[in-house]
Every structure is written in C-alpha cells, then in structure tokens.
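Please read it with the sequence and the model open.

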Amino acid sequence: MAKAGNLFEDAPGPSTQGDQSPVEATPNVRFESPRGEPSGSSFDSYDSYPFEVWYRNDTQDSMNEDPQAWVDHKVRKISSVLTRSSTLLGMAKAICQRGPWSVSISSCCHGESVSTDLPTEGKPCFYLYDTLHSKLGVKLPFTHFERAILQLLNVAPTQLHPNSWAFVRAFELLCEDLGKAPTLGVFFWFFTIKKTDKVGWTSHSSRPKRKLFKPFLESYKLFKTRFFRVAPSDSGPNLLVDCAGRPFFPLSWTCQPAVSVTVRLKDLEEWEDEFARELGKLPLLPSADIIKGTGR
C-alpha cells in the first residue's frame with residue numbers, strides 16, 4: 001500500500017504533443033450562468049482556470065471535405081430509435097427538476113446522428129440521452145457544477161459518456177453530504193481524461209493512486225440509440241441560452257474537446273487541498289450506491 005504522502009505528489013498529465021493550449025484552442029464562445037446564480041473561481045471562463053487544460057488540435061480538420069470527419073465512425077453510424085413523438089410522452093416533465101423549469105422535446109429523424117451539427121440560428125436545441133435522468137438522476141437545469149464540467153471539457157451533454165456523468169453526479173452528492181462545494185480543481189485532482197485519436201464520447205478515468213469512485217457500470221450499454229432533441233419551452237426560464245443568446249454550455253458536439261487536465265496541489269485553494277486529502281483517505285466508493293441513495 002502506498003504511503004499517504006505519495007497520493008498527493010504532483011502527477012504529470014497526459015502527453016500534450018500535437019494538442020493546443022486553452023488560449024490557442026478556445027472557441028469564440030463564452031458560456032454564461034443563468035441570471036441569479038452565484039459564480040466562483042471554479043466556474044470561470046476557459047482562459048482563467050488555475051490549472052492546465054489542453055484541447056484537441058483541430059488544424060487538420062479543415063483539410064477534409066467531410067465536415068464531420070473528426071467524429072469517430074462508431075458515433076456517426078448510430079442513430080436514435082426515438083423517432084416517434086409517442087415514445088416521448090411525459091419526457092419533457094421527467095427530465096426537469098421541480099420548479100418553474102420546462103422544455104420542449106422532439107423526436108429525431110431516421111438516420112439522425114447524435115453528433116449532427118445542430119442549427120445555430122433560430123430556436124436553439126441540444127441532444128440528450130434518456131439514461132441521464134432515468135438512471136443517473138441528472139435533470140434540467142444542469143447544476144452550476146455540471147455546466148462548469150461541460151464548459152471546461154468543451155463538450156455537449158451527449159458528448160460526455162454516461163459513466164463520466166455518473167462520476168460527476170456522485171461527486172456532487174458526496175460533496176453535499178460532506179458540506180463542501182464541488183469544485184473543478186478537486187474533481188480533476190482525482191479524475192483524468194481518456195485520450196482518443198478521433199472525437200468520440202469523452203470519458204473520465206481515475207488517476208493512479210487516487211481512486212475515489214467505482215464506475216456506475218463496468219460496461220455502460222444500451223444508451224447510444226436513445227436520444228432526443230431538447231429546446232426551450234415557450235414559457236418559463238430559458239435553460240439553454242441567456243437573454244443575449246449565449247449558451248450556458250456547448251449545445252452541439254465540438255471538434256475541440258479537452259484532452260488533458262492537470263491539477264497540482266499548488267493550483268488548489270487551501271480548503272480544496274485539505275478537502276482533497278480528506279477524500280483521499282476514504283475507501284473506494286460505489287458511485288451507483290451514492291446516486292441511488294443507498295451508499296449515503
């Protein structure tokens with residue numbers, strides 16, 4: 001068993017060769033928080049994170065005639081089975097938290113891929129997997145921390161693998177139980193990003209000697225064909241964009257997802273450092289039990 005001190009040595013991040021730094025790779029989009037919600041150092045814009053984030057280098061993409069050549073073929077060949085409005089009855093209510101929140105949902109067309117570049121003009125929309133609310137309890141509006149994760153990773157909701165969504169959700173619930181605010185720094189102290197050649201589902205994995213949660217499922221299946229479109233409703237707060245039309249998170253799949261996040265102890269605030277050490281002393285926790293409420 002490793003000494004406790006070794007758990008908090010600054011671990012090197014994945015190789016960044018061929019990738020771009022945040023300043024070079026950040027899209028010309030700024031993500032805002034819904035009015036009335038608090039902001040903090042953990043939820044700032046791309047270029048103000050206190051730790052190192054690298055994004056995929058997309059300079060070769062423009063040389064390909066296929067505008068979606070950057071998307072993994074495994075993603076592009078999958079379409080939704082939810083192509084009839086009758087299969088989505090009650091879904092608009094089921095995916096929203098209680099309160100003044102409401103959205104409009106619609107089924108997908110035959111052959112429509114989850115990575116389809118959705119229109120930016122007119123009414124905004126994004127894709128959502130039904131497993132997020134039915135199994136993981138992730139509902140709209142996304143929490144401040146969930147939006148911050150999507151912003152930092154520069155990914156749409158369906159671009160983040162459900163097992164990674166489970167890590168995010170379990171981390172939020174654990175922090176709530178311990179009376180701490182979830183922060184990006186502490187989360188990415190424990191988790192790294194699995195790097196792939198093509199852009200597929202972004203996945204998190206535990207850093208060596210810093211395992212916090214067991215995966216929700218060892219093999220998360222049967223989610224890839226069950227997605228639908230979500231758009232703002234005609235009444236109530238807009239959960240997708242602010243009054244100026246700026247999105248709260250990426251609405252479509254992006255060609256520049258984060259490929260590396262490196263957090264060192266010196267990057268954390270004092271209370272985050274102490275909290276990370278506290279979490280590091282915990283036994284390996286089943287994320288499924290925490291999400292289902294049986295392990296809390």
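Three strands make up an open sheet in the order β2-β7-β3, with antiparallel pairing. The edge positions belong to β2 (103-106) and β3 (126-129), each of which has a single partner strand, so one side of each is left without a neighbour in the sheet. On average, and with direction ignored, neighbouring strands of this sheet are turned by 40 degrees against each other. The model is predicted, and local features are taken from parts with pLDDT of at least 70.

**Strand β2 and its partner**

- β2 and β7 (residues 227-232) run antiparallel and are joined by four bridges.
- Val 103 has Pro 232 of β7 as its bridge partner, and Ser 104 is bridged to Ala 231 of β7.
- The two faces of β2 can be told apart: Val 103 and Ile 105 form the covered face, while Ser 104 and Ser 106 form the uncovered one.
- In general, strands of a sheet pair through backbone hydrogen bonds, either parallel or antiparallel.

**Helix α5**

- The buried residues include the charged side chains Glu 146 and Arg 147, along with His 144, Phe 145 and Gln 151.
- Ala 148, Ile 149, Leu 150, Leu 152 and Leu 153 are also on the list of buried residues of α5.
- The cover over these residues includes the helices α6 (162-178) and α7 (184-190).
- Strands also take part in that cover, including β1 (52-55), β4 (191-193), β5 (204-206) and β8 (258-262).
- Just after α5, Asn 154 has a positive phi of about 55 degrees.

**Second largest pocket**

- The volume of the second largest pocket is about 320 Å³.
- Its lining consists of 18 residues, and those nearest the centre are Asn 163, Phe 167, Lys 194, His 204 and Pro 215.
- α6, β5 and β6 (213-214) are the elements that each give two or more residues to this lining.
- Sorted by class, the lining of this pocket has six nonpolar, eight polar and four charged residues.

**Buried residues in loops**

- Ser 115 sits in the loop between β2 and β3. Its relative accessibility is 1%, so Ser 115 counts as buried, the cut-off being under 20%.
- Beyond its neighbours within four places in sequence, Ser 115 is in contact with Gln 68, Val 71, Val 75, Arg 76 and Trp 253.
- Pro 141 belongs to the loop between α4 (131-134) and α5. With a relative accessibility of 11%, Pro 141 also counts as buried.
- Pro 141 touches Gln 97, Trp 101 and Leu 239, residues up to four places away in sequence not being counted.
- Pro 141 and Gln 97 are 44 residues apart along the chain, and their C-alpha atoms are separated by 7.0 Å.
- Ser 203 lies in the loop between β4 and β5. The relative accessible area of Ser 203 is 16%, and this residue is buried.
- Contacts of Ser 203, apart from neighbours within four places in sequence, are with His 161, Ser 164, Thr 192, Ile 193 and Lys 194. Lys 194 is also one of the residues nearest the centre of the second largest pocket.

Notes:
Residues are numbered from 1 along each chain as its sequence is written. This is a predicted model: local features need pLDDT of at least 70, side-chain atom pairs count only at pLDDT 80 or more; totals for chains, interfaces and linings use all residues. Side-chain values use heavy atoms; hydrogens and water are left out. Buried means under 20% relative accessible area, exposed over 50%, partly exposed in between (1.4 Å probe, protein chains only). Contact means heavy atoms within 4.5 Å. Two strands pair if DSSP finds at least two bridges between them. Axes are lines fitted to C-alpha atoms, for helices over the stretch in contact, and angles run from 0 to 180 degrees between N-to-C directions. On a 1 Å grid over the protein atoms alone, a cavity is a set of points where a 1.4 Å probe fits but cannot get out, and a pocket is an open set with protein on both sides within 12 Å along at least five of seven lines; lining residues have an atom within 4 Å of a point. Grid points are joined across faces, edges and corners, and a volume is the space filled by probe spheres set on the points.
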